[in-house]
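Colleague: I would like to learn how to read a model like this one. Can we go through it feature by feature?

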Amino acid sequence: SREIQLISHPTGMPTLNNFALAQTKLEPLQDGQVLVRNLYISVDPYMRGRMNGGKSYVPPFELGKPMTGGAVGEVVESHAEAFQPGDVVTSNYGWREYFIATPPELHPVSRDIQPLSVYLGALGMTGLTAWAGMYLVDVKADDVIFISGAAGAVGNVAGQLAKIRGCEVIGSAGSQDKVEFLLEECGFDRAFDYKSSPAISVIEQLNLAALNGIDVYFDNVGGEMLEAALSALRVNGRIIACGGISGYNAEIPQPGPSNLFNITTKRLTMKGLIVGDWLGCRAEFEQVVGDYYRSGKLKNKETVVVGIDKAVSAFLGLFDGKNIGKMVVKLE
Ligand code: NDP
């Protein structure tokens, strides 16, 4: 079985040299164990933080060990009663072709929903993140919501869920194709390409898209996008602090927004979101969002890269905006 290991801590933007593709031998199955073949593995921006040595809300990756993370696979052999060959499961076993696990480490999912990679996207961790954001700040029908990183995995589902709630939805993303995707496939009311006119500040672009301001900001990006949102938010506005990808590769800490005092003058609320805190809602989320997906009310968009040897470049592509929807790696 092949696996990808982190072999050194990156400084700034990671490179291929921080990783190695290694061959490992699987031990014979013991009683109570299950052998799983991964079908799809997830590459996610939060993994960048885990590549640093230090402590954070998820433990760092260990050097010389396989990269852990979301994956969907098929049971090949089972010495545990709860699983049969052919069952489809999600796990946190990450960037490897095969692994041996015990039942509590596996989450069974239905094979009836296709493609199975949907369990890494709209019906997986990123979908749950978008879902949690709606509850974190109680997103309501008359809200105008602005979402940054809107064409990404979390962002596009957040926008679709906000539309289902009846909100007016505005998004920012890094290309014209992404803007078209938001407007035509996700039902956003307005969207802008923040890279298209470097001469016009992000604040001005947001003001043009949100003439009367915004009530909620779903932050996936941080940096100047957060600064723009602080300026556009109306009195009593709410911020879902979900991600700050613009700073993940920074070698020195980035300064905070220059207009943070808007929090005081406009009585804003900014709440941090960690998806792991919402696993108790997973069954309800899978039921409700699963129904939206099956009925066509919600789309699962993904960018699929093929081959475990392409996992690192797929991961690095997240920081260049190479993905529309969820970036997934399909194993051959
Ligand atoms: P995405 O699918 O959104 O992929 C990353 C996207 O970020 C890229 O496609 C790119 O799109 C954009 N991006 C990359 N670099 C920059 C930059 N410097 N400035 C602005 N945009 C940039 O990833 P996810 O949907 O998985 O994650 C989105 C955010 O949510 C991340 O910050 C992630 O860490 C966070 N997150 C947080 C969770 C939590 O529990 N708090 C759980 C899951 C995700 P573009 O072309 O638009 O630039």
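Colleague: Where is Pro115 found?

Modeller: This is a predicted model. Pro115 sits in the loop between strand 7 (107–109) and helix 2.

Colleague: What joins Gln114 and Pro115?

Modeller: Start with the general idea. Most peptide bonds are trans. Here, a cis peptide bond links Gln114 to Pro115, with omega about -10°.

Colleague: Which way does phi go in Asp138, positive or negative?

Modeller: Again, the general idea comes before the case. Most residues other than glycine have a negative phi. Asp138 has a positive phi, near 50°. Asp138 lies in the loop between helix 2 and strand 8 (144–147).

Colleague: Why does Asp138 count as exposed?

Modeller: Count the C-beta neighbours. Asp138 has 9 inside 10 Å, so Asp138 counts as exposed.

Colleague: And Asn236: what is its phi, and where is its place?

Modeller: Phi of Asn236 is near 70°, a positive value in a residue other than glycine. Its place is in strand 12 (residues 233–241). Asn236 is exposed because 10 other C-beta atoms lie within 10 Å.

Colleague: Now helix 8. How do I check its span?

Modeller: Compare the expected span with the distance between the end C-alpha atoms. Helix 8 (residues 282–294) has 13 residues. At 1.5 Å a residue, helix 8 should span 18 Å; the end C-alpha atoms are 17 Å apart, which agrees.

Colleague: Which residues of helix 8 are buried?

Modeller: First, the geometry. An α-helix has 3.6 residues a turn, so residues three or four places apart point the same way. In helix 8, the buried residues are Phe285, Glu286, Val289 and Tyr293. Seen down the axis of helix 8, these buried residues fall within an arc of 95°, so they line one face of the helix.

Colleague: What do the buried residues of helix 8 pack against?

Modeller: They pack against helix 2 (125–136).

Colleague: Which exposed residues does the face turned away from the buried side carry?

Modeller: That face of helix 8 carries Ala283, Glu284, Gln287, Asp291 and Arg294. Just after helix 8, Gly296 takes a positive phi of about 85°.

Colleague: Let us turn to the ligand. How many residues surround it, and which are the closest?

Modeller: The ligand is surrounded by 30 residues. The closest are Gly152, Ala153, Gly174, Gly243 and Gly321. By class, the shell has 15 nonpolar, 13 polar and 2 charged residues.

Colleague: Which helix gives the most to that shell?

Modeller: Helix 3 does, with 3 residues. Helix 2 and helix 3 (153–164) each supply at least two residues.

Colleague: Which residues is Glu168 in contact with, leaving aside its neighbours within four places in sequence?

Modeller: Glu168 is then in contact with Val144 and Asp189. Val89 is 79 residues from Glu168 along the chain, and their C-alpha atoms are separated by 36 Å.

Colleague: What scores does the model have?

Modeller: The model scores ipTM 0.99 and pTM 0.97. The chain averages a pLDDT of 97, and 100% of the residues score at least 70.

Key: Residues numbered from 1 in each chain as written. Predicted model: local features only at pLDDT ≥ 70, side-chain atom pairs only at ≥ 80, totals over all residues. Contact = placed C-beta atoms within 7 Å. Helix = DSSP H or I, 4+ residues; strand = E, 2+ residues; numbered from the N terminus. Expected span 1.5 Å × (residues − 1). Buried ≥ 20, exposed ≤ 12 C-beta atoms within 10 Å, placed from the backbone. Arc of directions from axis to C-beta. pLDDT = per-residue confidence, 0-100. Near = placed C-beta within 6 Å. Nonpolar A, V, L, I, M, F, W, Y, C, P; charged D, E, K, R; others polar.
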